[in-house]
Amino acid sequence: MTGTWAGTAMAEPIVLAERLDTVGAAALASELLQQPADGHVVLDASAVTHFGAQAVQVVVSAARTLSTAGGRLECMDMNDRAAAQLQAMGLSISDLTEVAQ
């Protein structure tokens, strides 16, 4: 899946690890830092069974960084278990990627 968003290249989705705990969050941060700041980054969350608070912070920070630089982050295919974990933290899938203007 390659394409464009507002004139910026969209890379292949980043497939998230099954467990986004402390170790998974660090690996995700490293992967996100390699992405163009003004690009369209897509996270494939279909395999996630554990979405920890540190991973949430990484994704929200990346969304804000991308938004500031004219890019965009989106999260696709999150399963019900991971979505329920976000809900327990008072968040939704859209809270991860939508940045307050």
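Among contacts in the chain (heavy atoms within 4.5 Å) between residues at least 6 apart in sequence, 77% join residues at least 24 apart. This is a predicted model: local features need pLDDT of at least 70, side-chain atom pairs count only at pLDDT 80 or more, and totals for chains, interfaces and linings use all residues. Residues are numbered from 1 along each chain as its sequence is written, and side-chain values use heavy atoms, with hydrogens and water left out.

**The chain as a whole**

- The chain holds 4 helices and 7 strands. Helices (H or I, at least four residues) and strands (E, at least two) are DSSP runs, numbered from the N terminus.
- From the N terminus on, the order of elements is β-β-β-β-α-β-β-α-β-α-α.
- Of the 101 residues in the chain, 38% are buried. Buried means under 20% relative accessible area, exposed means over 50%, and partly exposed lies in between (1.4 Å probe, protein chains only).

- Which residues of helix 3 (residues 80-88) are buried? They are A82, Q85 and L86.
- Why do these residues sit on the same side of helix 3? They cover an arc of only 100 degrees around the axis, so they share that side. The arc is that of the directions from the helix axis to the C-beta atoms.
- An α-helix has 3.6 residues a turn, so residues three or four places apart point the same way.
- D80, R81, Q87 and A88 are exposed on the other side of helix 3.
- The buried residues of helix 3 pack against strand 6 (50-51), helix 2 (53-68) and helix 4 (93-97).
- N79 caps the N-terminal end of helix 3. A side-chain oxygen of N79 lies 3.1 Å from the backbone nitrogen of R81.
- Just after helix 3 comes G90, with a positive phi of about 80 degrees.

**Salt bridges**

- Side chains of opposite charge can pair when their charged atoms come close.
- A salt bridge is a side-chain nitrogen of Lys or Arg within 4 Å of a carboxyl oxygen of Asp or Glu. By this rule the count is 2.
- R19 pairs with D21 in a salt bridge, and their closest N and O atoms are 3.6 Å apart. R19 is partly exposed, at 45% relative accessibility. D21 is partly exposed too, at 26%.
- R72 forms a salt bridge with E74, with the closest N and O atoms 3.8 Å apart. R72 has a relative accessible area of 32%, so it counts as partly exposed. E74 is partly exposed at 25%.

**D44, a buried charge**

- D44 belongs to strand 5 (residues 40-44).
- D44 is buried yet has no salt bridge. Lys and Arg count as positive and Asp and Glu as negative, while His and the chain ends are not counted. The nearest side chain of opposite charge is R72, 15 Å away.
- Leaving aside neighbours within four places in sequence, D44 is in contact with P13, I14, V15, L16, M76 and D77.

**T97 in helix 4**

- T97 lies in helix 4. Is T97 buried or exposed? T97 is buried, because its relative accessible area is 18%.
- T97 and V56 are 41 residues apart in sequence and 10.0 Å apart in space, C-alpha to C-alpha.
- Neighbours within four places in sequence aside, T97 is in contact with A63, L73, E74 and C75.

Terms used
Polar contact = N/O pair within 3.5 Å; in protein donor to acceptor, adjacent residues only side chain to side chain.
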